[in-house]
Amino acid sequence: MADGQVSKADVLDTYANIAEANYADSLITAERLQTAIEGLLEAPSAQALVGARNAWLAARVPYQQSEVFRFGNAIVDDWEGKVNAWPLDEGLIDYVDASYGGPTDENGAAILNVIANANFTLSGEAVDASAITPALLEETLQEADGVEANVATGYHAIEFLLWGQDLNGHDAGAGNRPWTDYAQGDACTGGNCDRRGDYLRAAMDLLISDLEWMVGQWGDEGEARAAVTADENAGISAMLTGMGSLSYGETAGERMRLGVMLNDPEEEHSCFADNTHNDHYYNGVGIQSVYLGSYTRVDGSVVAGPSLADLVAEIDPALDAEMQSKLAAAVLSLSRIKTAAEAGFSYDMMLERGNAAGEALIMGGVNGLIDQTRSIERVVAALGTPTIAIEGSDSLDNPDAVFQ
């Protein structure tokens, strides 16, 4: 910063510092989750399962804020599917209720149930799954047969293994996997408790290693930091692309508006744990943090510096005020969903057809995110950076296509 002016280079340094801290927090909370899961597997009990579930919920808080770095940063977008892909055909992993159905034309592995089967055929090849290892999950099962719904790794695979299926439809309640699914000997329910534990360990090992890798990418010598700081205008465009695409096509569209249109509880981002209200809220917080150049870490410390807000305020103070107001309004609308869900009006209840109050809450969030996207587009024009491509969604741009 010189002569009171904020440089784009300084803003990009702040952005990279926040990304590094955000992924470091995701790693810290994932390591706590790993510890809690080890406690569950070593001494299974109802209390240990609750502890592991609470650790999973805590791990989602920083990770969901980090999603703003995905769009605009190819290194993150190429990696993201390993850790946060959804929705998933959970029958690939473990037992499911009979109502789940069987293999489909789209996914022949929809009920493969690798936990119950040490040997199976996949893509015409015999697979020895007698040892459930990170390599088996990552190299053989993830997106098996080229099907995106065959999600074998990441937060949502772990979520399913901790909660099990949510069979409540639009009624209140999350998944209710018993702790005895990890018990030893005759106390084991669901069968194959040892293999289920092996799968959970393998999935956690992968999540930890994937997060460690991403923390490194944003470090001083990291490839992600180098890429975003190499060209100042391109770097600022990457920031705005991340904000706009997460706001519009991803969260407002694919994660929220689509669920309202389909009235389908399976469209929840965290459908097993009923944590979708937090997913959306912390996406909004992450977008706001990037613009303001300030991120609050899980230990309460703050990483902050020269920001996009500073850049915009120098050029057009009124636009900066508009942008900050729209960001705050979107976070507020998402907080209303969060507050209602925590009071017992769960997100899957909100999605039920004819539930006017639920639709109003969700669409309040959708509209807030769309409004802030329009201001993001004005910021792009004001800064004179290259035009950005904001991710779209049929649910917003071509609703009729959703039902075709």
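The crossing of α1 and α5 is left-handed, meaning that the near helix is turned anticlockwise from the far one by less than a right angle. Ser26, Leu33, Ile37 and Leu40 of α1 make the contact with Tyr155, Ile158 and Leu162 of α5, contact being heavy atoms within 4.5 Å. By class, this contact has six nonpolar, one polar and no charged residues. The model is predicted: local features need pLDDT of at least 70, side-chain atom pairs count only at pLDDT 80 or more, and totals for chains, interfaces and linings use all residues. Residues are numbered from 1 along each chain as its sequence is written, and side-chain values use heavy atoms, without hydrogens and water.

The axes of α1 (residues 8-42) and α5 (residues 155-163) come within 13 Å and cross at roughly 30°. The two helices are therefore roughly parallel (angles under 35 degrees).

Helix α2 (residues 46-66) also meets α5. Their axes come within 10 Å and cross at roughly 155°. α2 and α5 are therefore roughly antiparallel (over 145 degrees). This crossing, too, is left-handed. Among the contact residues are Trp56 and Tyr63 of α2 and His156 and Trp163 of α5. The contact has 10 nonpolar, one polar and three charged residues.

Helix α9 (residues 276-292) has 17 residues. From first C-alpha to last, α9 reaches 25 Å, close to the 24 Å expected at 1.5 Å a residue. α9 is mostly covered, with 16 of its 17 residues buried (under 20% relative accessible area, 1.4 Å probe, protein chains only). Gly293 follows α9 and has a positive phi, near 65°.

Notes. Axes fitted to C-alpha atoms, helices over the stretch in contact; angles between N-to-C directions. Helix = DSSP H or I, 4+ residues; strand = E, 2+ residues; numbered from the N terminus. Parallel < 35°, antiparallel > 145°, perpendicular 65-115°, else oblique. Nonpolar A, V, L, I, M, F, W, Y, C, P; charged D, E, K, R; others polar. Expected span 1.5 Å × (residues − 1). Buried < 20%, exposed > 50% of the residue type's maximum accessible area, 1.4 Å probe, protein only.
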